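Hi there,

Here is the structure I promised to pass on to you. Please have a look at it first, and then read my notes below.

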Amino acid sequence: MKHLIDILDLSREEIEDLINVSLDIIADPAKYKDACRGKKLATLFYEPSTRTRLSFEAAMYELGGNVLGFSEATSSSVSKGESVSDTARIVGLYADVIAMRHPKEGAPLIASRVAGVPVINAGDGGHNHPTQTLADLLTIRREKGGFENLTVGFCGDLKFGRTVHSLLSALSRYAGVRFVLISPEELKLPGYLISDVIEKNGIPYTETEHLDDVLPDLDILYMTRVQKERFFNEADYLRLKDSYILTSDKLRAAKPTLSVMHPLPRVNEIAQEVDDDPRACYFRQAENGKYIREALILSLLEVNV
Ligand code: CP
C-alpha cells in the first residue's frame with residue numbers, strides 16, 4: 001500500500017515518472033478519460049481549501065472516476081467527536097483513495113495506518129503539503145526545463161508555510177541548487193529544516209529580511225502568504241502580514257527569466273498588476289496542480305494507461 005504523506009516518500013525517479021505522466025495527460029487528455037472508471041476518491045478536508053480540494057476532485061472526474069467527502073469537519077461526524085483514525089477507517093470502506101487536509105501535523109499519517117486504501121496528505125498544519133510540491137515541481141519543469149543549478153528565493157512566512165517546507169526538501173536533492181531565505185526574523189525557516197535538510201545536503205543558502213537586495217540574483221521567487229490561521233495572537237499577524245509586497249516596479253530589478261511562483265491564495269503579497277507580467281506563473285502553477293494530481297491518483301491506484 002503506497003501513501004503520500006511527505007514529498008520524500010517519493011524518489012526522484014518516481015517524481016520524474018509523475019511529471020512525465022502529467023505531461024502526457026496535458027498532451028492527450030482524452031486518452032485518460034476512462035482510466036479511473038468505477039473508482040472513488042474521498043476528499044476529507046478539515047481545513048478550508050479552494051485549489052487543492054477542487055483540483056483533486058476535477059482530476060478524479062477527468063479520469064472518469066467519482067468523488068465523495070466533506071469540505072468542513074462540522075458537516076461530518078467529526079463534530080460529534082469522531083477521531084481521525086475512525087473516520088479514515090470508515091471512509092476507507094467506501095473509497096479507493098483518500099485525500100486529507102487537517103490542521104494537526106501528522107493527522108494524514110495516522111489515517112494512512114488504518115484506512116486500508118492509499119492516503120494523500122493534502123496539507124497538515126504548518127508541516128507539509130506534498131501535492132502542492134508536485135504542482136510546484138511540474139511548474140518548474142515546464143517553466144525552467146529542469147531542477148538543477150537554480151537559485152530559489154523563498155519569501156514571506158517561512159516558519160508556518162508548509163508549501164515552503166515541502167518544496168525546499170524536494171529541491172534539496174538536485175545539484176547546483178542555492179536557497180535564499182527571505183523573511184522577517186519572527187517567520188524564519190524552522191531550525192530543523194536548516195540543519196536536517198539544507199546543511200545536511202551541503203546546499204549553499206543565505207538568510208535575509210530584504211527582498212530588494214537579493215531579487216536580481218534569483219531564478220525563481222517563491223512568494224508566500226503570512227499564515228494568519230497559525231498565529232496565536234492577531235497583533236503579531238497584523239504587524240507582519242504586509243512584510244513583503246511584490247510590485248511591477250520592484251520586478252524591474254529582477255532577471256527577465258525569473259519565474260514568480262506562489263502556492264496561492266495570495267492576500268497582499270503580490271500586487272495584481274504583476275499578474276500581467278509573463279514572469280508571473282502562479283496561475284499556471286495552480287492549473288498544473290490538477291494534472292499532477294491526476295498522475296498521482298493513477299499511480300496510487302496502480303492504473304496504467
Ligand atoms: N495552495 C493551496 O493549498 O491552496 P488551497 O488552500 O486553496 O487548497
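The residues lining the largest cavity split into four nonpolar, three polar and three charged. In this count, Ala, Val, Leu, Ile, Met, Phe, Trp, Tyr, Cys and Pro are nonpolar, Asp, Glu, Lys and Arg are charged, and the others, Gly among them, are polar. Please keep in mind that this is a predicted model: local features need pLDDT of at least 70 and side-chain atom pairs count only at pLDDT 80 or more, while totals for chains, interfaces and linings use all residues. Residues are numbered from 1 along each chain as its sequence is written, and side-chain values use heavy atoms, with hydrogens and water left out.

How do you look for empty space? Rolling a probe the size of a water molecule over the atoms shows where it is left. Here the search runs on a 1 Å grid over the protein atoms alone: a cavity is a set of points where a 1.4 Å probe fits but cannot get out, a pocket is an open set with protein on both sides within 12 Å along at least five of seven lines, and lining residues have an atom within 4 Å of a point. Points are joined across faces, edges and corners, and a volume is the space filled by probe spheres set on them.

Across the whole structure there are three cavities of 30 Å³ or more. The largest cavity holds about 60 Å³, and its lining includes Cys 155, Met 223, Arg 225, Lys 241, Tyr 244 and Glu 269.

The second largest cavity holds about 50 Å³. Around it sit Arg 51, Gln 132, Ala 135, His 262, Pro 263, Gln 285, Ala 286 and Arg 293. Two elements, α5 and α11, each give two or more residues to this lining; helices (H or I, at least four residues) and strands (E, at least two) are DSSP runs numbered from the N terminus. The largest share, three residues, comes from α11. By class, there are three nonpolar, three polar and two charged residues. Domain 1 (7-128 + 286-300) and domain 2 (130-285) both contribute to the lining, so this cavity lies between them. The domain bounds come from an automatic or database domain assignment.

**The largest pocket**

The largest pocket contains about 370 Å³ of space. Of its 20 lining residues, Arg 101, Arg 162, Arg 225, Leu 264 and Pro 265 lie nearest the centre. The elements giving two or more residues to this lining are α2 (51-62) and α6 (162-171). Its lining has four nonpolar, nine polar and seven charged residues. This pocket also lies between domain 1 and domain 2, because both give residues to its lining.

**Two backbone details**

Most residues other than glycine have a negative phi, and most peptide bonds are trans. The peptide bond from Leu 264 to Pro 265 is cis, with omega near 5°. Pro 265 is in the loop between β9 (259-261) and α11. Asn 149 has a positive phi, near 60°, and is found in the loop between α5 (130-144) and β5 (151-155).

**How helices pack**

Axes are lines fitted to C-alpha atoms, for helices over the stretch in contact, and angles run from 0 to 180 degrees between N-to-C directions. Helices α1 (residues 12-27) and α11 (residues 282-300) pack at about 120°, with axes 8 Å apart. They are therefore oblique to each other; angles under 35 degrees count as roughly parallel, over 145 as roughly antiparallel, 65 to 115 as roughly perpendicular and the rest as oblique.

The axes of α2 and α11 come within 8 Å and cross at roughly 55°. This pair is therefore oblique, with a right-handed crossing.

Which way does α6 run relative to α7, roughly parallel or roughly antiparallel? The axes of α6 and α7 (residues 191-199) come within 10 Å and cross at roughly 15°. That makes α6 roughly parallel to α7, and α6 passes α7 in a right-handed crossing.

Happy exploring!

Note on methods: Left-handed = near helix turned anticlockwise from the far one by under 90°.
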